[in-house]
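This report covers a sheet with its packed helices, and then the aromatic and charged side chains.

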Amino acid sequence: MRKLLPLLLLTFLLTGCSRAPLTSVVQTAPADIPAPIIDGLPENEDQATLWFRYGEEPFLAAESRAITHSRTEGHALAILRALVAGPSTASAGLNSLFPTGTQVISATQAGPVMFVTLSRHIMNSYPDEPAAWRTQTAWAIEVPLRRQLAMQSIAATITENFAVDRVVILVEQTGNATDSLRLRQDYYTLDGNMDLADPLIRDESLLLTPARTAEVILQCWQERDFARLYRYIARTDPATNAIRPDETAFLEAMAAQPHLLHVRVKGGSVSFGGQTATYTVSGAWMTDGRETPFEGMVLRLTREKGLWRVGLSQLTGREALP
């Protein structure tokens with residue numbers, strides 16, 4: 001019996017406790033994990049000052065507005081793209097300066113220098129420029145001026161908003177081998193000059209800052225260019241709350257004023273709130289056929305939607321002061 005027990009246990013283990021054969025497991029690839037849905041990347045909004053042409057004047061005027069940009073776009077690129085797109089509808093009288101299709105491809109700062117790459121459209125003519133513009137006196141001045149103001153609008157905008165002294169303009173190239181992407185002098189001269197253009201620096205003589213605006217107003221007043229002076233008259237006189245008269249009435253009112261022979265502006269300060277600017281003026285009137293000097297006259301400018309202007313009451317009745 002004892003000899004049979006091991007045999008029975010062996011038989012039991014080989015039969016009753018035998019396992020079913022293992023079945024193969026089919027390996028399946030894990031399901032793709034969908035990318036997270038992001039409604040929008042975080043955006044930053046910063047106040048910026050952009051410079052556009054003021055009407056048909058040979059100057060740029062400032063517009064301040066909020067510029068929104070994403071992390072991938074960058075602040076400088078967003079500002080320049082807004083500049084090329086043009087002023088906001090709230091800035092009446094300001095105009096864009098870039099040919100149709102112009103785009104800002106990149107903006108990279110390296111220390112005090114900003115490198116800006118524009119699309120090749122920057123080299124195009126403006127739609128209203130006549131083919132024979134060189135033979136027409138007004139257009140011979142206007143065509144190069146537009147290009148000078150366009151580049152200065154970039155320089156003024158960049159230097160206003162970033163710690164930058166100079167701007168190097170690069171132009172997109174397609175298909176043609178070139179030794180440099182730098183803007184050429186031909187952009188300004190339109191005469192085939194392929195010398196590299198100088199880096200842009202800020203030119204205060206082209207910017208309607210308070211001081212420059214005061215100079216322009218006094219120059220128009222002295223030269224009796226009242227049609228141009230009208231562009232700088234405040235729509236609402238801050239001293240009298242009077243509405244600016246229509247241009248015809250203004251021209252008549254100014255024609256009746258004594259002739260301002262010569263003038264000199266001194267000093268100047270801008271109010272803490274940035275809405276008024278004050279200058280001291282000296283000069284001489286022509287009254288009753290003789291020169292009457294004056295000094296200590298105060299010229300006050302007011303800011304209207306970013307533009308510096310003067311109230312009409314600042315220009316009339318001055319010669320009667322003791």
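Phe294 counts as buried, because its relative accessibility is 16% and the cut-off for buried is under 20%. The model is a predicted one. Trp285 is likewise classed as buried, at 5% relative accessibility.

How are the rings of Trp285 and Phe294 arranged? Their centres are 5.1 Å apart and their planes meet at 25 degrees, so the pair is stacked; the limit for stacking is under 30 degrees. Trp221 joins these two residues, and ring pairs link Trp221, Trp285 and Phe294 into a cluster.

The aromatic pairs in the model number 5.

## Charges over rings

Two arginines are placed over tyrosine rings. The charged end of Arg146 is over the ring of Tyr126, at 5.2 Å from the ring centre. Arg244 lies over the face of Tyr230, and here the distance to the ring centre is 4.4 Å.

## The β4-β5-β6 sheet

An open sheet is built from 3 strands in the order β4-β5-β6, with mixed pairing. Its edge strands are β4 (104-110) and β6 (166-171), each of which pairs on one side only. On average, neighbouring strands of the sheet are turned by 20 degrees against each other, direction ignored.

Strand β5 (residues 113-118) pairs with β4 in the antiparallel sense, over 6 bridges. Within this pairing, Ala110 stands opposite Val113 of β5.

## Helices on the sheet

Which strands does helix α2 lie across? Helix α2 (residues 75-85) lies across β4 and β5 and runs at about 135 degrees to β4. Helix α3 (residues 137-161) also packs on the sheet, where α3 touches β5 and β6. The direction of α3 makes about 135 degrees with that of β6.

Methods:
Residues numbered from 1 in each chain as written. Predicted model: local features only at pLDDT ≥ 70, side-chain atom pairs only at ≥ 80, totals over all residues. Heavy atoms only, no water. Pairing = 2+ DSSP bridges. Helix = DSSP H or I, 4+ residues; strand = E, 2+ residues; numbered from the N terminus. Axes fitted to C-alpha atoms, helices over the stretch in contact; angles between N-to-C directions. Contact = heavy atoms within 4.5 Å. Phe/Tyr/Trp six-rings, centres within 6.5 Å; stacked < 30°, edge-to-face > 60°. Buried < 20%, exposed > 50% of the residue type's maximum accessible area, 1.4 Å probe, protein only. Lys NZ or Arg CZ within 6 Å of the ring centre and 35° of its normal.
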